[in-house]
Amino acid sequence: MRKYSSDVAFTPAVKALQERKGSRNSYARMERSGSWETTVTPELAAFIAERDMFYLGTATADGQPYIQHRGGPTGFLKVVDERTLGFADFGGNKQYLTLGNLSENPKAFIFLMDYANRQRVKLWGTARAVEGDADLEAKLRDPSYPGKVERAILFTVEAWDSNCPQHIHPRYTNEEIAPVVEKLQARITELEAEVKRLRTAAPAGPQ
């Protein structure tokens with residue numbers, strides 16, 4: 001039985017290292033003041049709605065970890081309720097590593113990154129695959145996205161935390177860059193037209 005929600009990550013071994021390295025007192029204060037969130041807050045829901053990718057961590061029964069990149073249309077990871085996230089699982093390379101891991105070990109981890117704004121959110125919990133639920137798949141899928149939905153995956157949140165932007169290098173998606181590029185291209189077109197007009201209007205030089 002965990003005393004604090006952050007105990008999902010701060011195991012006795014982790015806390016012992018924090019004590020030795022000098023950071024335990026600050027984390028102990030965090031624990032006493034409420035520890036980590038255990039439900040999907042409006043702030044977390046808004047952050048999730050802007051993501052078009054995340055990393056999903058699972059492990060085998062004996063603890064061998066595996067990290068998988070998941071991508072889709074913006075907002076494809078959806079809030080089902082205050083404790084549950086879900087997404088449509090598209091067909092891939094048919095290795096089924098994540099599915100195999102979840103079949104014997106439901107513990108899972110989601111790592112959300114906003115590279116442009118240097119923000120990250122970490123979620124601990126459990127996950128399960130749901131096969132053949134057409135209503136759930138319809139709720140989670142985006143009809144405009146070409147990927148074939150093979151199942152749904154539901155993630156139950158146990159705790160989540162956001163932390164500092166240190167060492168995050170900003171990166172931008174095509175969707176984020178496109179409006180800036182279009183604005184610059186429009187300005188270049190305006191300037192080229194202005195240069196052409198000035199050249200045309202300029203008096204001829206001495207003959």
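The lining of the second largest pocket comprises seven charged, five nonpolar and two polar residues. The model under discussion is a predicted one. Altogether 14 residues line the second largest pocket, and those that lie nearest its centre are E50, R51, D52, T173 and E176. The space in the second largest pocket amounts to about 270 Å³. Strand 5 and helix 6 (174-201) each contribute at least two residues to the lining of the second largest pocket.

R51, one of the residues nearest the centre of the second largest pocket, has a further contact of interest. R51 is placed over the face of F47, at 4.5 Å from the ring centre.

The largest pocket has a volume of about 330 Å³. Its lining consists of 21 residues, and Q68, R70, D89, F90 and G92 are those nearest the centre of the largest pocket. By class, the lining of the largest pocket holds eight nonpolar, eight polar and five charged residues. Four elements each supply at least two residues of the lining of the largest pocket: strand 2 (65-71), strand 4 (84-90), helix 4 (97-104) and strand 7 (149-163). Which element gives the largest share of the lining of the largest pocket? Strand 2 does, with five residues.

**Overall form**

The chain contains six helices and seven strands. Along the sequence these elements follow the order α-α-α-β-β-β-β-α-β-β-α-β-α. The radius of gyration of the chain is 24 Å, whereas a compact globule of 207 residues would have a value near 17 Å. Taken along the principal axes, the box filled by the C-alpha atoms of the chain is roughly 95 × 50 × 30 Å.

Of the 207 residues in the chain, 37% are buried. Helix 1 (residues 12-21) is hardly covered, since one of its ten residues is buried. Just after helix 1 comes G22, which takes a positive phi of about 95 degrees.

**Aromatic rings**

How many aromatic pairs does a search of the whole structure find? The search finds nine. F109 and W124 form an edge-to-face pair, with 5.1 Å from centre to centre and 70 degrees between the planes. F109 belongs to strand 5 (residues 107-114) and W124 to strand 6 (residues 119-130), so the pair ties together parts that are 15 residues apart in sequence. F109 and W124 are both buried. Ring pairs also join F109 and W124 with F10, Y27, W36 and F111 in a cluster.

**Residues in loops and at the chain end**

Most residues other than glycine have a negative phi. Against that background, Y96 has a positive phi of about 60 degrees although it is not a glycine. Y96 sits in the loop between strand 4 and helix 4. R118 likewise is not a glycine, yet it has a positive phi of about 55 degrees. R118 is placed in the loop between strand 5 and strand 6.

Two further residues deserve mention. T38 lies in the loop between helix 2 (24-32) and helix 3 (42-49). A202 is located in the segment after helix 6.

| Residue | Relative accessible area | Class |
|---|---|---|
| A202 | 42% | partly exposed |
| Y96 | 41% | partly exposed |
| R118 | 33% | partly exposed |
| T38 | 31% | partly exposed |

A202 counts as partly exposed because its relative accessible area of 42% falls between the limits of 20% for buried and 50% for exposed.

Separation in sequence can also be set beside separation in space. T38 and E158 are 120 residues apart in sequence, and their C-alpha atoms are 5.4 Å apart in space. For A202 and R118 the separation is 84 residues in sequence and 50 Å in space, C-alpha to C-alpha.

Key. Residues numbered from 1 in each chain as written. Predicted model: local features only at pLDDT ≥ 70, side-chain atom pairs only at ≥ 80, totals over all residues. Heavy atoms only, no water. Phe/Tyr/Trp six-rings, centres within 6.5 Å; stacked < 30°, edge-to-face > 60°. Buried < 20%, exposed > 50% of the residue type's maximum accessible area, 1.4 Å probe, protein only. Lys NZ or Arg CZ within 6 Å of the ring centre and 35° of its normal. 1 Å grid on protein atoms, 1.4 Å probe; cavity = no way out; pocket = protein on both sides within 12 Å on 5 of 7 lines; lining within 4 Å. Points joined across faces, edges and corners; volume = space filled by probe spheres on them. Nonpolar A, V, L, I, M, F, W, Y, C, P; charged D, E, K, R; others polar. Rg over C-alpha atoms; globule rule 2.2 N^0.38 Å.
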